[in-house]
Amino acid sequence: MLHSFFASFASLPFAGVAFFGLATFLLILAVLIGFVIQLNARLRLLTAPGYDRIVKDAEARAEALIAEARAQSVTLRTQAETAATAITVSRKEESERLQKAEEQRLETLTTQAAALLTKHSDAVAKLSESLEAAMQKQTEAASASVVSEAADITKALQGEAGALHKIIEDMRPQFEASYAALAKELQASLAKELETDVRAAREAVAAYRTARMTALNAEIVSLVEETARLAFGQALSLETHRDIVLAALEQARREGVFTTRA
Amino acid sequence: MNDSLLASVVTQTYLRTDVTYRLGLVRAYLEWVFFTEHAAGPSAALLEKHSTEARVSVIDSGFLRGLPESFWKAFGPETLYTELDTLAEAVATFPTLRMTVGIAFLHSQTEAIGAWARRAVHPQVLLEFETDRELGAGCQIVWRDHVHDYTFARALQGKREALMARVQATAGAQSV
């Protein structure tokens, strides 16, 4: 087909040849542009080692910065430790100084307290002796008073007992007369109550006897009835029973039982 | 139903229970005649055969033999149950004299009492007996829903006051 295409152009005039040349030129130009683009890509690949070096430089700078920071931190820490040690030493010295002052103050107070205690011990001993003497004196006085009062009370009691004995002796006849009258009255009352009780008991016994006798009589009657009934029921012959039944029926007929209408 | 048919069954039967039982005997015999032997009707020979085969007692077979010829002629295979029901219904209308006595009577005593009742109370009366040994002698009767007591126990109750007076008099005489 290409052959036929060129063959068609061969048959064209000069303008056609010029057009064909221009087209060929454009085609070659396009091929060259593509080649240049491809070459540029390859060139970029060839310049990659430069990029790596930039990265490595950056990393080296970063490491240098880190190392410098570490060194500075060590320096700062050392300085802080030194300052702390100095402060600790200073506090310790101050504490020891205060402790020593406190101990001295306590010692002074102890000495003063011991002196005061010695002074007050003597006073207490003296006060105790005085109190003991006063108590002894009071006890002796109270004892003497009690003895005196006991004698007075004994004397008064003896007097009262004598008066009471006299009163009792004076009232004895009156007591005896009252007792005799009371005993007589009590005896009469008891005799009356006893008589009443005996009478009530006799009446109760009589009532019980009557009731019991009535019950016994009723029981006897029931026994007689039952005995007679059983004796009749068992001792009579069938013919006698039949005759009694016929007699009962005859009596019923005479009494008009069978004339009853519903 | 002919009244004579009813009279045939009831004449010599005084207890209501006996009437029911004997109607059962008649029914069993006639069923055997009509539906087992397929005979035209009862006969003396068939009655003998039935008494032997069914082992009917002497008393029962005597009752069946005592029924008149006219009684049996009233029944046929078709009318058997109708006639028997009519008989039972008629018997149910008979008056009942219910008696409670102190001892159980034999057949001869019940017959004597029944005969008296048919004569003195009602020609179709039927008796019913109960036994209560506490009554002693005599009888309690129930006639037309009324109770009448003619027992020795009742007689004793009437004499209770007199008996009590007698016992008290005896006890008083002994205590004195």
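Biologist: How many aromatic pairs are there over all chains?
Modeller: Keep in mind that this is a predicted model. Two rings of Phe, Tyr or Trp pair if their centres lie within 6.5 Å. By this rule, the count over all chains is 8 aromatic pairs.

Biologist: Is the pair of B:Phe35 and B:Tyr81 stacked or edge-to-face?
Modeller: The two ring centres are 6.4 Å apart, with 5 degrees between the planes. Planes under 30 degrees apart count as stacked, and those over 60 as edge-to-face. The pair of B:Phe35 and B:Tyr81 is therefore stacked.

Biologist: Which helices does that pair link?
Modeller: B:Phe35 and B:Tyr81 are 46 residues apart, so the pair links distant parts of the chain. B:Phe35 lies in the helix of residues 16-36, and B:Tyr81 in the helix of residues 80-92. In chain B, these are helix H2 and helix H6.

Biologist: Are B:Phe35 and B:Tyr81 buried, exposed or partly exposed?
Modeller: B:Phe35 has a relative accessible area of 39%, and B:Tyr81 has 33% relative accessibility. Buried means under 20% and exposed over 50%. Both values fall in between, so B:Phe35 and B:Tyr81 are partly exposed.

Biologist: How are the rings of B:Phe71 and B:Trp72 arranged?
Modeller: Their centres are 5.2 Å apart and their planes stand at 80 degrees. Because planes over 60 degrees apart count as edge-to-face, the arrangement of B:Phe71 and B:Trp72 is edge-to-face.

Biologist: Now to the place where the chains meet. How is the area buried between chain B and chain A described?
Modeller: The size of an interface is often given as the accessible area lost when the parts come together. Here the contact takes 35 residues from chain B and 34 residues from chain A. Carbon and sulfur atoms give 73% of the buried area, which is about 3,200 Å².

Biologist: How many residue pairs are in polar contact across that interface?
Modeller: The search for salt bridges between chain B and chain A finds 0. For polar contacts, both residues must be at pLDDT 80 or more. Across the interface, the number of residue pairs in polar contact is 3.

Biologist: Which element gives the largest share of the side of chain B that touches chain A?
Modeller: Among the elements that give two or more residues are strand S1 (96-101), helix H7 (107-120) and helix H9 (160-175). By class, this side has 25 nonpolar, 7 polar and 3 charged residues. The largest share is 7 residues, and it comes from H9(B).

Biologist: Which residue of chain A does B:His148 touch?
Modeller: B:His148 is found in strand S4 of chain B. With a relative accessible area of 18%, B:His148 is buried. Leaving out residues up to four places away in sequence, B:His148 touches B:Cys139, B:Gln140, B:Ile141 and, from chain A, A:Val257.

Biologist: What distance separates the closest N and O atoms of A:Arg105 and A:Glu102?
Modeller: Both residues lie in helix H3 (residues 48-235) of chain A, 3 residues apart, about one turn of the helix. A:Arg105 is partly exposed at 47% relative accessibility, and A:Glu102 is partly exposed at 36%. They form a salt bridge, with the closest N and O atoms separated by 2.8 Å.

Biologist: Which residue forms a salt bridge with B:Glu31?
Modeller: B:Glu31 is partly exposed, with a relative accessible area of 24%. The closest N and O atoms are 3.5 Å apart, and the partner is B:Arg27.

Biologist: To finish, how many helices and strands does chain B have?
Modeller: Read along the sequence, chain B follows the pattern α-α-α-α-α-α-β-α-β-β-β-α-α. Buried residues make up 43% of its 176 residues. The tally for chain B is 9 helices and 4 strands.

Note on methods:
Residues numbered from 1 in each chain as written. Chains lettered and ligands numbered in written order. Predicted model: local features only at pLDDT ≥ 70, side-chain atom pairs only at ≥ 80, totals over all residues. Heavy atoms only, no water. Phe/Tyr/Trp six-rings, centres within 6.5 Å; stacked < 30°, edge-to-face > 60°. Buried < 20%, exposed > 50% of the residue type's maximum accessible area, 1.4 Å probe, protein only. Contact = heavy atoms within 4.5 Å. Buried area = accessible area lost by both parts, 1.4 Å probe. Salt bridge = Lys/Arg side-chain N within 4 Å of Asp/Glu carboxyl O. Polar contact = N/O pair within 3.5 Å; in protein donor to acceptor, adjacent residues only side chain to side chain. Nonpolar A, V, L, I, M, F, W, Y, C, P; charged D, E, K, R; others polar.
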